[in-house]
Amino acid sequence: MTTSTTETTPVIALPGRTAALLTGLGAAATAGSALMPWTWTSEYPGDLTFYGSPAGLQWLALTAGLVTLVLLLATQGVPGLRWAAPRRSSNAVLLAAAGAVAVGWFSVISIATDLGGLAHLEPGGWVLAAGSLLALAGSLGLPLDRRTAVPLRILDRRLFLLVPIAPVVWFATHAVPEDKPVAPVLTALAGGLAIATGGVLLVQLGHAANSWLRLGTVNRPLPAPRALPSWVEVALIVVAFAIGLFAITFGIDTEYGELFTGYLLLAASVVASLGRSGLLPRLRALTVKYQTVTTGAAFAAAASFPFTQTSDQYTSVATNILIFATVALGLNIVVGLAGLLDLGYVAFLGVGAYSAALVSGSPASPIHVQFPFWGAVLTGAVVSMVFGVVIGAPTLRLRGDYLAIVTLGFGEIFRITMLNLNGTTGPKITNGSNGIPRIPDLEILGWNLGKPTTIFGFELGRFSNYYLLMLLVTAVVVLVFARVGNSRIGRAWVAIREDETAAEAMGINGFRLKLLAFALGACLAGLAGTVQAHVSYTVTPDQYTFAEALPPNSAFLLAAVILGGMGTISGPLAGATLLFLIPKKLEFLADYQLLAFGIALIVLMRVRPEGLIPNRRRQLEFHEADADIPAQATGDTVALSKAGA
Amino acid sequence: MTALLEVQDLRVSYGKIEAVKGISFTVNQGEVTTLIGTNGAGKTTTLRTLSGLLKPTAGTITFDGQALSTVPAHKIVALGLAHSPEGRHIFPRMTIEENLLLGAFLRNDTDGITKDVERAYGLFPILGERRKQAAGTLSGGEQQMLAMGRALMSRPKLLMLDEPSMGLSPLMMQKIMATIVELRADGTTILLVEQNAQAALSLSDRGYVMETGSIVLQGTGADLLHDESVRKAYLGED
Amino acid sequence: MHDLPQQLANGLILGALYGLVAIGYTMVYGIVQLINFAHGEIVMVGGFGALTAYLALPGGTTLWLALPLMLIAGILVSTLTAVAAERFAYRPLRSAPRLAPLITAIGLSIALQQLVFAFYPDAKKARVFPKIPGDPFEIGSVAIQRSDIFLIIAAPLCMLALGWFVTRTRSGRAMQATSQDPDTAKLMGIDTDRIIVMAFAIGAAFAAVAAVAYGLRSGQVDFRMGFLLGLKAFTAAVLGGIGNIYGAMLGGITLGLAEALATGYIQHLPGMHLFGGGAWKDVWAFVLLIVVLLVRPQGLLGERVADRA
């Protein structure tokens with residue numbers, strides 16, 4: 001293995017401080033553009049004509065510009081700002097500038113296409129486009145951490161055959177008369193070939209850019225932080241979570257797809273650049289130091305979300321995110337900790353939801369009882385767990401692959417059975433495809449969650465109430481995950497996941513522990529299901545499918561775990577939030593949403609199989625070659641040293 | 001003596017861990033050459049690299065005048081290098097005869113193949129008696145014979161044997177070692193990897209001692225057999 | 001019980017269809033230990049390939065002439081898709097942890113479905129597939145649809161050809177060797193990458209045959225047809241003993257018979273009158289799988305060989 005060497009050099013050589021100057025100028029222009037009108041009509045969503053205060057996308061440009069500027073000054077060593085970039089890496093500036101370009105150019109292009117032409121841009125738009133580009137170009141002249149050589153990768157040569165073939169097919173298909181039934185099919189085929197050709201060229205271009213930029217990482221250890229009084233450190237954590245709450249609230253509250261896209265672009269670049277600058281790692285070190293404070297702050301931030309909302313519109317979104325995220329975390333016990341692939345996990349959510357619906361007192365339920373809340377929760381969790389044991393017991397003794405298919409089958413059986421128990425094809429229990437409607441609102445200790453409540457002068461609507469209740473459930477699942485994950489059982493799960501035979505040789509009862517993981521996962525999903533039934537008023541079979549455009553479903557749950565990071569707590573929570581918000585906010589993707597999802601899974605497995613927030617142990621596993629395993633001690637006592645006699 | 005195989009400064013790594021740290025050695029035409037060393041010395045890694053199952057990180061391998069390090073495993077056999085892997089690795093759900101025929105996978109001279117199958121049965125009569133039996137049902141020693149027989153089926157210029165005596169009874173081991181002598185007499189060049197230093201060195205023309213990825217000692221078989229440090233380290237003498 | 005012969009015939013025909021698809025799962029699993037989750041979608045694209053060929057032929061072409069061309073087109077599309085998937089999605093992950101290729105397979109399955117859904121004209125709903133016209137054949141009390149004749153002829157031919165290929169040809173022996181010990185197979189001079197591609201390709205070709213049979217039977221193809229068919233076929237492969245090609249067919253037929261019998265007779269069992277008929281057949285199929293796994297975890301024809309992994 002050849003370990004690549006690194007250097008710190010600019011990509012574009014510029015004299016003296018020109019690079020920093022250009023970057024700063026560009027960043028300032030980007031930020032400043034937010035104070036100018038971008039377009040002259042108020043037709044573009046958010047109204048960017050500027051009435052004394054930035055609006056919509058302008059806020060994002062302002063943030064991007066400021067972050068770039070602050071990071072630039074910090075890496076240049078300006079006193080008072082150095083905290084922002086403890087690692088002094090100019091790559092952080094480059095990442096932030098790239099984010100500014102992404103946000104800026106997305107805005108400009110989106111305005112031009114929405115309104116029909118560049119003529120709709122006002123000077124602010126031009127300043128934004130030019131300024132962000134200037135910042136990016138300037139930052140390429142900063143001393144960047146780079147690899148000394150990146151050989152140019154050329155794709156499989158046969159792929160380039162597409163380049164001549166695609167146009168030939170294109171013209172050939174247009175020669176087919178349009179009234180032939182096959183004509184539309186051929187047109188689609190030609191289009192597909194064109195897209196594939198574009199993709200091949202784009203990937204090749206990416207390889208070329210990579211070998212030109214040669215960006216890499218130089219090992220820059222975090223300098224020891226300045227000693228601060230502990231109350232300041234705690235205050236820093238609180239401030240960080242407050243900013244986090246603000247950022248997430250902003251994302252959930254975005255009213256139109258353009259703003260959400262811009263938000264995602266900005267968020268990705270800010271997180272990447274602050275991670276690179278060393279600010280985020282430093283914060284992470286603080287959260288490790290004050291774990292209780294961190295957990296408290298996280299829940300306080302989450303709990304204060306309803307209080308930031310004026311209507312129930314987005315609290316319902318947030319409630320559904322919580323349900324989805326909680327179930328994903330439950331699945332993470334099964335998949336991430338114990339390594340059991342469950343492809344029908346959503347069925348356990350369904351079992352919990354149906355159980356709760358049946359005992360909720362809904363007039364559509366054949367069982368005319370109304371359990372109190374705790375009774376319903378218990379019923380849902382226990383019934384779900386029983387199903388978990390029934391499915392798990394026969395299959396967990398076998399090789400892991402069988403579990404995948406049996407759980408997938410179980411997911412389908414559950415849906416089909418719920419459809420069939422409608423009185424004509426089976427006993428009348430679930431009303432088939434109509435589901436169980438009119439599930440009454442929960443009442444806990446005399447508090448009806450369906451009615452608005454007033455706390456500290458804030459009026460909380462129905463969804464806010466359920467949000468707070470669901471947050472409690474999430475807390476339970478997080479607690480279970482954290483406690484079990486770090487216990488003897490958790491370590492045994494990891495051992496089984498890595499090598500079952502070896503684990504059993506150590507005296508671990510693989511089957512019993514796997515069953516425990518499986519049943520625990522089922523139980524937690526059932527628990528979430530009981531709340532879900534009440535939140536959504538109605539339970540129907542098609543809420544619980546394998547793959548569907550809207551979460552939660554088994555494929556999306558699994559994706560949330562894998563995208564977020566297996567075996568971690570924050571990973572699935574982040575993954576679930578993203579996977580819920582993206583389809584919700586970007587409805588223009590409608591027909592292509594699942595397609596994009598499928599392709600994203602394939603690409604993700606090739607580039608980053610360990611997920612967004614990797615478990616440290618996992619990362620070692622996936623990137624063995626880059627990991628910092630100290631080289632095997634060499635030169636230990638050699639009995640014979642007459643080499644080369 | 002002409003060199004059939006020449007290895008120069010070979011390095012092999014598993015991830016960041018280097019298992020073979022720049023070794024050089026030569027195998028001469030018509031000789032038996034032995035690599036000895038303890039567990040984890042890098043002997044098996046070396047053989048697996050020679051046959052293309054692992055890719056070297058540095059160094060050159062020249063076999064019969066051709067550079068090997070970038071040739072894929074399945075093409076190396078065609079060049080005349082056969083490898084009988086550690087742990088035998090016969091195909092358990094195929095018959096003995098099918099196993100032997102797979103050894104001749106790249107040949108298409110039907111008559112020659114039939115003749116060579118018979119030669120293998122001549123070398124190991126027990127295999128001939130059970131030719132239609134599934135190979136997985138054979139004993140360890142019989143499986144070893146089959147693995148050797150199979151490797152010979154490609155009519156190799158160089159036969160590499162990895163731990164042929166592993167896990168065998170003393171009687172069976174003697175039989176295997178006698179076969180190696182017999183093969184050498186027929187003119188087959190052999191690269192042998194062994195932990196059983198005594199038996200291996202006594203029938204070798206040349207020997208190399210490997211330790212934690214490096215060659216620490218080399219010489220003729222007889223020299224090494226009488227070398228004090230080898231006797232101490234590998235033959236259990238004080 | 002007077003309709004028993006009819007139910008058995010239905011079960012056999014359905015089972016042969018499952019078996020053809022199951023071959024694809026079993027071959028790929030036998031060689032690379034991968035559940036090629038997207039195999040159901042390979043069937044589906046084969047169906048659409050065949051449909052495209054049908055649409056391209058001039059209006060009045062008889063089905064007897066069209067069928068071979070449709071079959072060729074279907075096989076072409078399925079095989080190309082499967083080989084491309086192996087090359088660009090699975091092969092780069094060959095040394096990755098076990099979960100990674102499985103996720104890739106799920107992604108591939110969703111992507112292929114959605115590609116057809118979004119881009120094949122009018123594929124948002126099922127598209128009409130030609131049927132062989134004419135009254136069913138009556139043999140005694142058993143009626144067999146004319147469209148099923150294709151499957152009745154094709155399935156045994158495919159099995160015979162595959163059996164001959166695996167045991168009698170050089171490539172077939174190489175395939176066996178690769179599935180038993182891939183590293184040692186390389187030492188024999190076998191290009192295992194080629195063998196893996198071959199396994200994907202053969203499975204895909206069989207999938208296309210199954211797709212045409214499915215289209216003829218049901219008179220339609222749709223972008224979701226691969227999901228349940230694939231699920232059933234994988235179940236059949238596991239039932240028969242995964243990795244064993246004859247097991248795949250046997251498992252398919254067992255599953256088909258079980259479904260037919262469950263559809264016809266479960267409701268006559270005491271206390272079960274509400275759980276019979278077509279609505280519950282999928283449920284019984286999976287119950288059968290779980291029961292078989294409990295009693296005989298290695299499947300009907302599987303050998304209890306110590307796991308290499």
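I am working with a predicted model, in which local features need pLDDT of at least 70 and side-chain atom pairs count only at pLDDT 80 or more, while totals for chains, interfaces and linings use all residues. Residues are numbered from 1 along each chain as its sequence is written, chains are lettered from A in the order in which they are written, and side-chain values use heavy atoms, with hydrogens and water left out.

**Entry 1: chain A and chain C.** I looked up the contact (heavy atoms within 4.5 Å) and found that 50 residues of chain A and 53 residues of chain C take part. The buried area (accessible area, 1.4 Å probe, that two parts lose on being put together, summed over both) is about 4800 Å², and carbon and sulfur atoms give 78% of that. On the side of chain A, A:Asp401, A:Tyr402 and A:Ile405 lose the most area to chain C, together 12% of what that side buries.

**Entry 2: a salt bridge.** I then looked for salt bridges (a side-chain nitrogen of Lys or Arg within 4 Å of a carboxyl oxygen of Asp or Glu), and the count between chain A and chain C is 1. It joins the side chains of C:Arg87 and A:Asp156, at 3.7 Å from N to O.

**Entry 3: chain B.** I noted that the C-alpha atoms of chain B fill a box of roughly 45 × 40 × 35 Å along the principal axes. Buried residues (under 20% relative accessible area, 1.4 Å probe, protein chains only) make up 56% of the 238 residues in chain B.

Methods. Buried means under 20% relative accessible area, exposed over 50%, partly exposed in between (1.4 Å probe, protein chains only).
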